[in-house]
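Please open the model in your viewer and keep the selection panel at hand. The stops below are meant to be taken in order.

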Amino acid sequence: MPLEAGLLAILACPACHAPLSDATSAEEPELICTGKDCGLAYPVRDGIPVLLVDEARRPA
């Protein structure tokens, strides 16, 4: 289930404060940091974004 546009507009990466892009249509829903040096992918569990750096997946 995609996140509401209003919520996505105010969320930011806790590591670098860049905006997040919604990838909730993927098999494993996540929010991906748009920062060029960061790129962390935060999981979305039960429709709730988990914005913890320790829970984020590092870019490949």
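Before selecting anything, note that two strands are said to pair if DSSP finds at least two bridges between them, and that helices (H or I, at least four residues) and strands (E, at least two) are DSSP runs, numbered from the N terminus. This is a predicted model, in which local features need pLDDT of at least 70 and side-chain atom pairs count only at pLDDT 80 or more, while totals for chains, interfaces and linings use all residues. Residues are numbered from 1 along each chain as its sequence is written, and side-chain values use heavy atoms, with hydrogens and water left out.

**The sheet**

Begin with the open sheet, whose four strands follow the order β1-β2-β3-β4 with antiparallel pairing. Its edge strands are β1 (20–22) and β4 (48–49), each of which pairs on one side only.

Now select β2 (residues 30–33) together with β3 (residues 41–45), which pair in the antiparallel sense over three bridges. Four of the five residues of β3 are buried (under 20% relative accessible area, where exposed is over 50% and partly exposed lies in between, with a 1.4 Å probe and protein chains only), so β3 is largely enclosed by the rest of the structure.

Move on from β3 to β4, which pair in the antiparallel sense over two bridges, with Ile48 of β4 as the bridge partner of Arg45. These two strands form a hairpin with two residues between them, and Asp46 in the turn has a positive phi of about 55 degrees.

**A residue in β2**

Select Glu30 next, which lies in strand β2 and is buried, with a relative accessible area of 13%. Its side chain is joined to that of Arg57 by a polar contact of 2.7 Å, a term for a pair of N or O atoms within 3.5 Å, where within protein one must be able to donate a hydrogen and the other to accept it, and residues adjacent in sequence count only if both atoms are side-chain atoms.

Which cysteine sulfur is nearest to that of Cys16? The structure holds zero disulfides (a disulfide being a pair of cysteine sulfur atoms within 2.5 Å), and for Cys16 the nearest cysteine sulfur, that of Cys33, is 3.4 Å away. Cys16 is partly exposed, with a relative accessible area of 34%, whereas Cys38 is buried at 18%. Finish at Cys38, whose sulfur is 3.8 Å from the closest cysteine sulfur, in Cys13, and therefore too far for a bond.
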